[in-house]
Every structure is written in structure tokens, then in C-alpha cells.
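Visitor: I would like to learn how to read the packing in a model. Please take me through it feature by feature.

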Amino acid sequence: MFETGLLKDKRILVTGGGSGLGAAMGRRFLSLGAELVICGRKLDRLDATAAEMRAQTGGKVTSIACDIRDGAAVDGMMDQIWREAPLDILVNNAAATFIAQSEHLSFRAADAILAPTLHGAMYCTLAAGKRWIDGRHNGVVLSILSTSTITGRAFTVPSAMAKSAVLAMTKSLAVEWGPKGIRTVAIAPGPFPTSGASGQLRPEGRDEGWTARNPLGRTGEHSELADLASFLVSDRAGYINGEMVVIDGGAHLRSSGAEDLLGWTDAQWADQRAARSRGQPSR
């Protein structure tokens, strides 16, 4: 689909790049000639993914343990990256979410979602942006959001709030940083199943008719999202700035994706809360 060297000589940082969609995007970036840095909290997982990527693509992959909820840790990570060479592209992929009745959310639970999804994305963006501006180096920030930024979404309110705030950041910085050679763009994926997200958002007992309700009758393939991301961060998309591209098969035109939860019983919600506190999928 793309020329082999589409991302040649681009250094790309993917937050949450050790698994799921982050890893899928990273593999595609490498196949298109990029040099990759992946970060996350679990270095063993990052190192395993990096080794697998090197074996598959022969590309250069660096893994860095970083808790992006900590601004000082983010600054330290960026200093480490910049010691070798500047980044060209930042992909804000790391996020957290789970389904819950909003009136039962503790402040701590809400913060557990807001911290990586909003604060982490902001910290990484500001840390990269100030270095690009100081060094007069062009850059691209791609943020992975969700269609809740368009529809809102019941039962994942902190996530919808955080993603909407990152969209506001994307639009605002497009104007402020565009003249400095920095583009900001976003993707709003629909259902792209991953082991982590599916366990939190699609526990056993939840209505599985959501696939049939998608206008295309299926979920997304990771390669489809990775291809879209590759285009948006490439120089070929150099005139796209401040925009969010939806890739969901048209699902948000039918539903916000949470309507089935309106029919859940108190017992189902109680089971979900208990399972989450144990760190297990609900029955």
C-alpha cells in the first residue's frame, strides 16, 4: 500500500507500545523504515516486544520504562531519547479505562483513568514540543482517541472526558505550534479488539451484538489502524493539521457503544465491581 521508505529516518516514540494497538503501529512504522522507541511501565514486556520486533523487521527498537503519569519521569525519558537524536514523531497511545456506573466511581478510580489518558498525553506532548521548538526541529504528534469525543459515552465517563480534552489539545496546538513546524493529528478508533481493552470493556455477560450493529458487520483489523497512523505521521499527510480521523466502520453513526449497558441489573454491576477489585474478568 505504501512505498517502503515512507517513514525512513523518522524516530518515533509510541507510548504504551509494548502490546495491543501500540505494538501493531510500531511494527508497521518499522516496516516503513522508521526507528522506534516504545515506552511503558513494564520493562520486561517492552523488552520482549522490542526483541520480537527486531526479529520480524530487522529495525532499530529501543525500549524505555517510564510512568507517563509522572511529568518528571517523562522529562527524564525525553532527555534520554534526545541524547542520541531528536524524535520526529510522538504517538500518544497509552491510556486506561474500564466500565463503571459513574456514581460508584471513587476519586482514585477516576484519577487512575485521567492520569495516563489525559495527563500522560499532555506531559509527553509538552516535553516533545518544547524540545522541537528549542531545537527548531519539525515534529508530529498523533494521539489515539475514541469516538466518545463525538458521541459521549455512558459508563466510561472519565475516559470520554480525557479523550475529549486531548482532542481539544490537538486542535489548539495545531494553531499554536503549526507555525513552528509541528503538526498535531488524532485518530478515533472504533472496536479494535485487544486483550487488555476487551477484558475491561467487554466482560463476559455483556451484550455481544455490538459487532452485528456495526454497519460493516465486523471489528477493525489492527493493520488497518496501523496503516492510517503511518499515513498521518508521514510527510505525505503534511497538510493535515488539527484533525481527528474516525476509523470505526460507521459505528458511531448508529450508537455511542454503551447503550447495551443501560439494561444491566444491579447484580451485574455488583459482579463487575467485584471482579475489577480482584483484577479479574467478571463472570
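**Cores, a helix pair and a threonine**

Guide: The largest nonpolar core has 33 residues. Those with the most contacts inside it are L7, I12, F29, L36, V91, L142 and I187. This is a predicted model, where local features need pLDDT of at least 70, side-chain atom pairs count only at pLDDT 80 or more, and totals for chains, interfaces and linings use all residues. Residues are numbered from 1 along each chain as its sequence is written, and side-chain values use heavy atoms, with hydrogens and water left out.

Visitor: What is a nonpolar core?

Guide: A set of buried Ala, Val, Leu, Ile, Met, Phe, Trp, Tyr and Cys residues joined through side-chain atoms within 4.5 Å. Buried means under 20% relative accessible area, with a 1.4 Å probe and protein chains only. A second, separate core of 29 residues includes M77, I81, A186 and M244.

Visitor: Which residues make the contact of α1 and α2?

Guide: Contact means heavy atoms within 4.5 Å. Helices are DSSP runs of H or I, at least four residues, numbered from the N terminus. From α1 come A23, G26, R27 and L30; from α2, T49, E52, M53, Q56 and T57.

Visitor: Is T117 buried or exposed?

Guide: T117 counts as buried, because its relative accessibility is 4%. The residue is found in helix α4 (residues 107-135). A polar atom of its side chain lies 3.0 Å from the backbone nitrogen of A96. The backbone oxygen of I113 lies 2.8 Å from a polar atom of the T117 side chain. Leaving aside neighbours within four places in sequence, T117 is in contact with A94, A95, A96, A162, K163 and V166.

Technical notes:
Buried < 20%, exposed > 50% of the residue type's maximum accessible area, 1.4 Å probe, protein only. Helix = DSSP H or I, 4+ residues; strand = E, 2+ residues; numbered from the N terminus. Polar contact = N/O pair within 3.5 Å; in protein donor to acceptor, adjacent residues only side chain to side chain.
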